[in-house]
Amino acid sequence: MMKQLQRGLAAMALITAAALFAPAAQAQQKSEIALSRQPGIFYMPSHIMEKLKLIEKHAASLGVSGVTTKWITFSGGGAQTDALLAGGVDILNTGTGNLLLLWDRTRGGVKGIVATSAQPMTLISRDDNIKSIKDFGPADKIAVPTVKVSTQAIVLQIAAAEAFGADQWSKLDANTVQLGHPDAYAALSNPKHEVHTHFSIPPFTFLELKNVPGAHVVLNSPDVMGGPLSQAQFFTTTKFADANPKIIKAVRDATKEAQDLIRSDTKQAVEIYKEITGDKTSVEELLDLLKQPGMMEWNLEPQGTMKFAAHLYKTGTLKTQPKAWTDYYLPVAHDLKGN
């Protein structure tokens with residue numbers, strides 16, 4: 001398994017080098033911007049930005065006219081990072097683990113723009129025998145968006161270190177399997193499927209607890225992290241950011257406007273989310289969901305990311321230990337009170 005991980009990281013390094021040292025012409029100011037995200041209500045600010053063309057609006061106000069955006073949905077953060085490094089997308093909206101890993105592997109060539117959400121992640125199982133993290137046996141499969149490097153996979157490692165001892169942080173890595181959240185929900189809904197546990201995000205958290213017989217909470221991310229953890233943020237290459245500073249500022253301003261709309265007119269925000277995603281959950285159910293604890297954590301500042309980074313450095317996943325969250329975020333965010 002370690003050799004496979006090393007080979008994967010070596011391949012990422014090669015891809016990264018090709019992306020970062022490509023001809024400078026590829027980094028010139030762009031008017032058509034490709035952005036990616038994952039499924040789920042975590043990404044609601046991006047749906048509002050798409051529907052209301054907020055990046056286009058704020059770019060125009062900064063003097064950059066004619067900007068268009070293309071939004072692409074990937075099932076996991078790993079596919080998104082591959083697309084960024086290959087030049088298929090310009091800006092990602094995904095988890096802390098992927099941001100930190102790329103920042104480290106590119107020696108600062110990838111950095112965050114702003115955070116978008118920090119709702120709780122919940123480890124849910126339909127297996128009656130699994131009541132706590134200590135109940136997993138070798139054959140018990142846990143679905144995460146990307147093994148080893150997704151936010152969920154790393155929070156699971158932090159929980160394992162707390163439950164079994166600091167040197168046992170990887171104890172449950174072998175249990176994890178890679179499934180996008182919709183596929184993991186489908187797996188839990190199928191009593192014959194080998195995957196009976198999912199490190200879930202809203203709205204899948206609430207759908208699973210409501211619709212999957214025997215589904216129950218094993219743990220949640222605020223308990224593990226001691227508070228909110230940014231699960232989604234925008235990030236890009238510094239090469240793109242340097243060539244497109246007004247686009248980067250427009251992304252920040254558009255994100256804030258989207259987050260403000262969620263707080264000021266939650267019903268409209270939910271209706272936009274449903275329209276863009278095709279989510280069949282009723283407006284009323286989604287509004288109830290957003291009233292649950294932690295579900296209105298829509299903030300520009302990164303939350304809980306330094307504890308996350310400290311774990312990755314301690315376990316050797318990060319070769320460089322950041323001194324502050326501003327090391328892996330662009331200057332456009334440095335006035336925020338992140339952690």
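D260 and K256 both lie in helix α11, four residues apart, so about one helical turn separates them. Helices (H or I, at least four residues) and strands (E, at least two) are DSSP runs, numbered from the N terminus. The structure is a predicted model, in which local features need pLDDT of at least 70 and side-chain atom pairs count only at pLDDT 80 or more, whereas totals for chains, interfaces and linings use all residues. Residues are numbered from 1 along each chain as its sequence is written, and side-chain values use heavy atoms, with hydrogens and water left out.

The side chains of D260 and K256 form a salt bridge, with the closest N and O atoms 2.9 Å apart. A salt bridge is taken as a side-chain nitrogen of Lys or Arg within 4 Å of a carboxyl oxygen of Asp or Glu. D260 has a relative accessible area of 30% and is partly exposed; K256, with 41%, is partly exposed. For these classes, buried means under 20% relative accessible area, exposed over 50%, and partly exposed in between (1.4 Å probe, protein chains only). Through salt bridges that share partners, K256, D260 and R263 are joined into one network.

In total, twelve salt bridges are counted by this rule. One of them links the side chains of E257 and K57, at 3.0 Å from N to O. Because E257 belongs to helix α11 (residues 245-264) and K57 to helix α3 (residues 54-61), this pair ties together parts that are 200 residues apart in sequence. The relative accessible area is 27% for E257, which is partly exposed, and 44% for K57, which is partly exposed.

A salt bridge is also formed by the side chains of E285 and K210, at 2.3 Å from N to O. E285 is placed in helix α13 (residues 283-289) and K210 in helix α8 (residues 204-211), so the pair ties together parts that are 75 residues apart in sequence. E285 is partly exposed at 33% relative accessibility, whereas K210 is exposed at 57%.

Attention now turns to the sheet. Five strands make up an open sheet in the order β2-β1-β3-β10-β4, and the pairing is mixed. Two strands are said to pair if DSSP finds at least two bridges between them. The edges are formed by β2 (68-73) and β4 (110-117), each of which pairs on one side only. From one strand to the next, the twist averages 20°. Axes here are lines fitted to C-alpha atoms, for helices over the stretch in contact, and angles run from 0 to 180 degrees between N-to-C directions.

Strand β1 (residues 32-37) pairs with β2 in the parallel sense over six bridges. Within this pairing, R37 stands opposite T73 in β2. Helix α4 (residues 77-86) packs on the sheet and touches β1, β3 (91-94), β4 and β10 (232-237). Contact means heavy atoms within 4.5 Å. The direction of helix α4 makes about 170° with that of β3.

The pairing of β1 with β3 is parallel and extends over two bridges. L35 has bridge partners in both neighbouring strands: W71 in β2 and I91 in β3. Five of the six residues of β1 are buried, so this strand is largely enclosed by the rest of the structure. In a regular strand, side chains alternate between the two faces of the sheet.

Several backbone features were found in loops. The peptide bond that joins P202 and P203 is cis, with omega about 5°. P203 is located in the loop between β8 (195-200) and α8. K53 has a positive phi, near 50°, in a residue other than glycine, and is part of the loop between α2 (44-51) and α3. R107 is not a glycine, yet its phi is positive at about 55°. The position of R107 is in the loop between α5 (96-105) and β4, and R107 is exposed, at 81% relative accessibility.
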